[in-house]
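Dear colleague,

I am passing on a structure that you have not worked with before, and my notes follow it. Please read them with the structure open beside you.

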Amino acid sequence: MSGKQDFREGVRRIFYRLMGLFSLFMIAGAILIYYMIDPDFSAFKSEKNTYVVMDAEEDIDRIENGIHVRTGLKEGEGLMVVVNNCTNCHSAKLVTQNRMSEARWNATIKWMQETQNLWDLGKNQDVIVSYLVSNYPVEDVGRRASLTNIEWYELED
Amino acid sequence: MERRSFIKKATLSSFAALIGADIVFGSNILEGYFPIGLQDPDPFTMFNKHKEMVVLNDKPWNIEAQAHLLDDEITPNEKMFVRNNGLLPEEVNAKTWTLTIDGESVVNSKTYTLSELKSKFKHYSYQLTLECGGNGRSEFNPPAKGNQWTVGAVHCALWTGVRLRDVLEDVGIKNNAVYIGYHSTDVHLSRDPKKEPISRGAPMSKSLQDETLLAFKMNGKDIPMVHGYPLRLVAGGWPASVSGKWVNRISVRNKVHDGAKMTGTAYRVPCEPVAPGEKVKDEDMCIIESMPVKSLITYPKTGATISEGKSLRIRGHAWAGELEVSKMEYSIDFGATWNRCSIEPPANRLAWQHFSATVTFPKRGYYEVWARATDSKGKAQPMLLPGWNPKGYLNNACHRIAIKVK
């Protein structure tokens with residue numbers, strides 16, 4: 001019987017050792033994963049930061065009804081290149097209210113580079129300009145357009 | 001008013017007051033955390049603007065009125081357009097605010113505190129028409145680059161301050177002075193501290209006019225932050241960009257001022273007329289001075305339906321830059337015939353003038369009431385868009401409203 005007892009004892013010891021080793025790996029793995037996410041271990045520092053509450057579910061670049069919600073720009077090829085290069089300094093509203101030809105968008109970019117600290121856009125310039133001319137094309141309104149979007153109401157005396 | 005520290009120092013109760021609701025679990029809020037309601041402030045609350053004002057741009061702030069909002073004889077703050085070129089100044093303290101007069105053409109540069117300006121010089125109040133040079137830009141064809149103003153980038157408020165002339169005389173100006181240029185504390189969009197968002201000015205002849213003020217009050221109160229608190233240069237009748245906000249320095253130049261938005265194509269039109277869409281070289285562009293004759297029907301709001309046989313009272317304002325409006329007319333048949341409106345003289349030079357008329361319609365149907373002002377030199381507003389220019393300035397085409405008679 002004592003041989004059986006010894007054998008059981010041996011198995012138990014091996015089991016505990018393996019469990020210990022496994023737990024060690026798990027802990028080391030958890031630390032490594034945490035390190036990948038937060039290399040500065042900032043969660044353990046008591047610095048005073050400014051916290052902004054964000055809905056974790058919310059995608060900041062979500063698109064609804066063909067419109068990029070955060071900026072109001074139309075969905076289209078090159079959208080995110082425009083968002084990332086053209087809305088840092090000024091509002092996207094300055095883009096969406098304008099209608100220009102390819103030549104004039106390029107001239108505007110040149111002007112922003114010469115006077116407003118815009119960086120070299122490299123290959124992105126073509127992407128941006130083609131997004132702009134296809135989503136915000138020039139419309140010919142003649143010398144004086146008709147009145148539109150009139151909200152009719154009864155005028156009381 | 002130190003905007004940033006104001007927010008930082010604000011207590012929870014003032015957060016609650018700003019948001020308009022109690023902050024539940026307020027005592028658990030982390031130090032250094034700003035409630036989200038204050039991070040993206042609503043411009044209507046922040047600048048005290050009427051809810052029907054239209055935001056064209058939020059960085060920088062550009063907000064315009066609609067014609068019917070401008071019905072007051074003296075425009076209140078809530079209906080005044082905002083045209084900012086940069087970000088609002090980060091710190092403004094009226095107690096320590098100073099104005100320095102320098103430049104090539106001063107004898108010695110001199111600095112005044114705000115209270116010195118107020119106590120040393122006589123105060124004057126004028127109603128002054130300020131219109132953005134790009135008001136009406138949205139109608140140009142081919143379209144012009146920039147904020148697409150429709151009709152609402154104009155106002156006439158009551159400004160109180162000291163005459164720039166009195167201050168310049170106190171400093172002592174050399175006889176080679178050509179132009180003044182203002183400098184302000186607003187911040188360039190790129191946040192580059194070496195760049196000024198805008199630094200424009202006016203020739204000496206405009207700078208020395210009685211009505212050109214260094215203003216510290218608007219409509220009897222401190223100037224609102226977004227309109228230039230605590231000190232604004234106000235030069236009525238010229239593009240509103242001449243009226244620099246948050247002014248802390250004025251340079252008297254021995255040449256045309258070359259600050260930001262004085263050069264290139266900014267606030268300039270072709271010296272000689274060009275065809276729509278034509279390219280114009282920078283050296284062929286000339287600085288805009290006096291604004292052209294223009295008018296706005298402010299009552300009723302466009303889209304009014306009236307019963308057959310009823311007459312319609314219309315009213316509005318007319319202005320003509322440096323000049324006066326001498327004649328005001330309306331047409332209900334697209335300019336085939338014109339009828340006179342009555343028009344009041346201006347409250348003072350450079351103030352807009354109020355007009356009114358009683359309009360009758362011959363039968364039922366759709367009408368447009370068009371308004372046309374003529375200045376004291378006989379120039380009238382065009383019914384079509386005036387001369388095309390690359391930046392879309394100076395659209396003074398007749399304003400019109402739609403009316404239906406049932």
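Which strand of chain B is joined to strand 3 of chain A, and do the two run parallel or antiparallel? Strand 3 (residues 153-154) of chain A is joined by 2 bridges to strand 17 of chain B, and they run parallel; strands here are DSSP runs (E, at least two residues), as helices are (H or I, at least four), numbered from the N terminus, and two strands pair if DSSP finds at least two bridges between them. Within strand 17 of chain B, Ala304(B) is the bridge partner of Tyr153(A).

The model is predicted, so that local features need pLDDT of at least 70 and side-chain atom pairs count only at pLDDT 80 or more, while totals for chains, interfaces and linings use all residues. Residues are numbered from 1 along each chain as its sequence is written, chains are lettered from A and ligands numbered from 1 in the order in which they are written, and side-chain values use heavy atoms, leaving out hydrogens and water.

As for the contact (heavy atoms within 4.5 Å), 52 residues of chain B and 40 residues of chain A take part in it. Asn141(B), Pro143(B) and Lys145(B) supply 15% of the area that chain B buries against chain A, more than any other three residues; buried area is the accessible area (1.4 Å probe) that two parts lose on being put together, summed over both.

There are 2 salt bridges between chain B and chain A, counted where a side-chain nitrogen of Lys or Arg lies within 4 Å of a carboxyl oxygen of Asp or Glu. One links Glu139(B) with Arg144(A), whose closest N and O atoms are 2.9 Å apart.
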